[in-house]
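Grab a pencil and have a look at the protein shown here. Try each exercise before you peek at its solution.

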Amino acid sequence: MKLIDCIETQAARLAQAGLFFGHGTTNAFDEAMWLALWRLGLPLDALDEHEQRELNPAEQAAIAALVDQRISTRKPAAYLTGEAWLQGVPFTIDERAIVPRSFIAELIADASIDPWLHPDSHRVLDLCTGNGSLAVLAAMAWPEVEVDALDLSADALAVARLNVERHRLTQRIRLLQGDGLAGALAQGGGAYDLILCNPPYVNSASMAALPAEYRAEPELALAGGSDGMDFIRQLLRDAPAALTDTGVLVLEIGNERPYFEAAFPALEVVWMETSSGADQVLLITKDQLL
């Protein structure tokens with residue numbers, strides 16, 4: 001069997017199983033391709049080069065077994081492979097941290113945030129850092145800045161440390177354990193020129209309806225209370241004290257814009273354009289917060 005035929009066969013199995021895709025892929029074919037290429041030790045962008053490769057029975061069985069695991073456990077593929085990609089950058093991941101998929105990564109990569117930054121910006125905070133992916137991408141995008149990466153979860157920070165070390169950024173990224181902005185400020189260093197935050201924002205009704213793939217992730221990283229705004233309320237109260245005079249906050253809220261606008265009806269924000277539209281990520285200046 002050729003690799004492309006094997007992928008199509010396994011994609012049909014994934015589709016028939018009624019899985020949910022959203023942790024790095026959006027459809028059964030791409031998920032099957034990811035699992036097959038990873039199982040064979042091939043680059044995830046190398047299908048065109050290898051699609052006509054003949055697979056021996058052992059290789060076919062190994063791919064099928066990995067797909068079996070995906071179907072039976074309903075865990076995101078990233079947890080099965082131990083790796084996820086964000087903006088072309090590989091990150092180590094396991095079930096101690098949420099699978100990286102933030103739209104903020106797009107805004108870092110395409111320089112959409114840059115016009116809002118003061119030329120002398122040098123301090124960045126990745127709040128709710130999870131596996132550290134946004135902190136790593138920020139350090140890569142802005143070589144002149146120092147990055148603090150904070151999370152309440154010690155388990156998540158252990159995964160973040162793996163990624164900071166993997167990308168050789170231990171001299172520029174400081175990992176902090178604490179609760180929100182108060183936890184960051186308590187550990188010194190002063191105000192930030194930029195705060196990036198992909199917080200827990202899923203409202204309780206949506207939490208109850210999440211597919212199994214999301215329930216495999218740490219609930220702490222997802223659940224945002226009855227309207228999804230519990231963490232964000234405290235964040236917006238604390239943010240002015242944590243930002244420099246020219247500082248900005250970039251905040252991801254997913255599909256919760258109606259809840260956000262209901263909770264903060266008088267707050268003027270800038271909605272940032274992403275591949276999912278202009279209602280997933282917002283930017284707020286310190287002046288707007290005040």
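Predicted model: local features only at pLDDT ≥ 70, side-chain atom pairs only at ≥ 80, totals over all residues.

Residues are numbered from 1 along each chain as its sequence is written, and side-chain values use heavy atoms, with hydrogens and water left out.

**Exercise 1.** Work out where serine 153 sits and what it touches.

*Solution.* Start with the location: serine 153 is in the loop between β4 (146-151) and α8 (154-166). (Helices are DSSP runs of H or I, at least four residues, and strands are runs of E, at least two, numbered from the N terminus.) Next, its relative accessible area is 16%, so serine 153 is buried (buried means under 20%, exposed over 50%, partly exposed in between, with a 1.4 Å probe and protein chains only). Finally, skip neighbours within four places in sequence, and you find Arg96, Gln177 and Leu220 in contact with serine 153 (contact means heavy atoms within 4.5 Å).

**Exercise 2.** How many residues of helix α7 are buried?

*Solution.* Take the helix as residues 133-141. Seven of its nine residues are buried, including Ser133, Leu134 and Val136.

**Exercise 3.** Which element gives the most residues to the largest nonpolar core?

*Solution.* This core has 35 residues, and Leu127, Ile195, Ile232, Leu251 and Phe260 touch the most other members.

Technical notes
Core = buried A, V, L, I, M, F, W, Y, C linked by side-chain atoms within 4.5 Å.
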